[in-house]
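Q: Hey, I'm new to this one. Can you put it up on screen and walk me through a few spots?

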Amino acid sequence: MKEIRMVDLHTQYLRLKEEIDAAMQEVIGTTAFINGPAVNTFAAHLAEYTGAQHVIPCGNGTDALQAALAALQLDPGDEVIVPDFTFIATVETVALLGLTPVVADVDPDTFLLQPEHVEALITPRTRAVIPVHLFGQCVDMEPLLEIARRHGLYVIEDAAQALGTRYAFSDGTEKMAGTMGHIGCTSFFPSKNLGAFGDGGALFTDDDDLALFLRSYVNHGTTKKYYHSRVGINSRLDTLQAAILDVKLRHLDEFISARQHVAARYDEALSGLSFLQTPARAPRTTHSYHQYTLITRGIDREHFREHLKQAGIPSMVYYPLPMHRQEAFSRYPFFEKEYTVSDRLCATVVSLPIHTEMEEEQLDHIIQRIKAYTP
Ligand SMILES: *Cc1c(COP(=O)(O)O)cnc(C)c1O
């Protein structure tokens, strides 16, 4: 049996080698490494795929979040509501821009930001909310958008883990993760649903003015060459990455199906075990399973992980420390306050290997070893 990995980017590359190598050679042949034609081509294809009016490529998902927040042109100290259980980039970018993050606890089963928690945290200074579509499911956007509309808040989606996930509104319309708020952000970090061979990111918006700002912001605040109307950053998707991503985008739905197949096998095999809770499905959303995250119940998580490790099965803890306990945020009022759900999740979650190249034999082995676990 092939070595089991959390993600297997190499095997995926070998499967797509011909297409990817050809795309890379073409870029190398033209040496248009920065802002080459592949960047616009990929952005156009991504717009088609997601249904977004504007796709603005950038250097990584964190820059996308920073650009999105900058585009709102908020005042220092304005409040932005974020989930406590997320990757730091969601919250760090708020702090970096001099805005005040306000942290919300999450749903104990789906790990997601809950609209009613957001509403409870709104103050006269609240300007925006960042729903994070964590692990590949969408936050319940319909009620969240309604709350945002009522309170005049901007909604910035962090869709770094959920590109390709769909959400269904009650009127029957379906939208892609990242295209429901004012601005959506995604990441092409190699292990993400659509991964580059390095860093990459993109912004989505249907608003022409926001799109104009974002394009300018990620390009030194440029309006025309060497004329800068604002202070911006240098955050580009390089041409080689765009060419690779354009190839892989054609396979994204197939990648997601492969992840869903792995998840379905885990669900079926593990849902009866008393010491594990399989991932709960959130309403109205598909699941692209960026991660397959279990909640352990009444067992020593590290003992369980060691049992897996002995059998050659890697596992990870996403995430071991919630935002309200990160030293980086010690100056904010939420620091070390009580967030019972995220504290419990950080102490009990464990993520299993899930990727596009998993073999049935590997899945059989993982399932068999988990079932054989005795606390
Ligand atoms: C990966 C990730 C980011 C940041 O993306 P980078 O491309 O690594 O900067 C932001 N938010 C979430 C939830 C992520 O998983």
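Q: Okay, which helix is R301 found in?
A: R301 is in helix α10, which covers residues 301-310. Keep in mind that we're looking at a predicted model.

Q: And is R301 buried or exposed?
A: R301 has a relative accessible area of 13%. The cut-off for buried is under 20%, so R301 counts as buried.

Q: What does R301 touch, leaving out residues up to four places away in sequence?
A: R301 touches T296, V317, L345, C346, A347, T348, V349 and V350.

Q: Switching topic: how is the protein chain split into domains?
A: The domain assignment gives domain 1 (9-249) and domain 2 (252-371). Their centres, taken over C-alpha atoms, are 24 Å apart.

Q: How many residues are in contact between domain 1 and domain 2?
A: On the domain 1 side there are 49 residues, and they contact 40 residues of domain 2.

Q: Now helix α2. Which of its residues are buried?
A: In α2 the buried ones are A38, V39, F42, A43, L46, A47, Y49 and T50.

Q: What covers those buried residues of α2?
A: The cover includes strands β1 (54-58), β7 (174-176) and β9 (201-205), along with helices α8 (239-249) and α9 (252-270).

Q: How does the span of α2 compare with what you'd expect for 14 residues?
A: It agrees: at 1.5 Å a residue, α2 (residues 37-50) should span 20 Å, and its end C-alpha atoms are 20 Å apart.

Q: Which residues have a positive phi although they are not glycine?
A: Y289 is one of them, with a phi of about 45 degrees, and E336 has a phi of about 55 degrees. Most residues other than glycine have a negative phi.

Q: Where are Y289 and E336?
A: Y289 is in the loop between β12 (276-277) and β13 (292-296), while E336 is in the loop between α10 and α11. Y289 is buried, at 5% relative accessible area, whereas E336 is exposed, at 51%.

Q: Where's the cis peptide bond?
A: It joins Y318 and Y319, with omega about 5 degrees. Y319 is in the loop between α10 and α11 (340-348).

Terms used
Residues numbered from 1 in each chain as written. Predicted model: local features only at pLDDT ≥ 70, side-chain atom pairs only at ≥ 80, totals over all residues. Heavy atoms only, no water. Helix = DSSP H or I, 4+ residues; strand = E, 2+ residues; numbered from the N terminus. Buried < 20%, exposed > 50% of the residue type's maximum accessible area, 1.4 Å probe, protein only. Contact = heavy atoms within 4.5 Å. Expected span 1.5 Å × (residues − 1). Domains from an automatic or database assignment.
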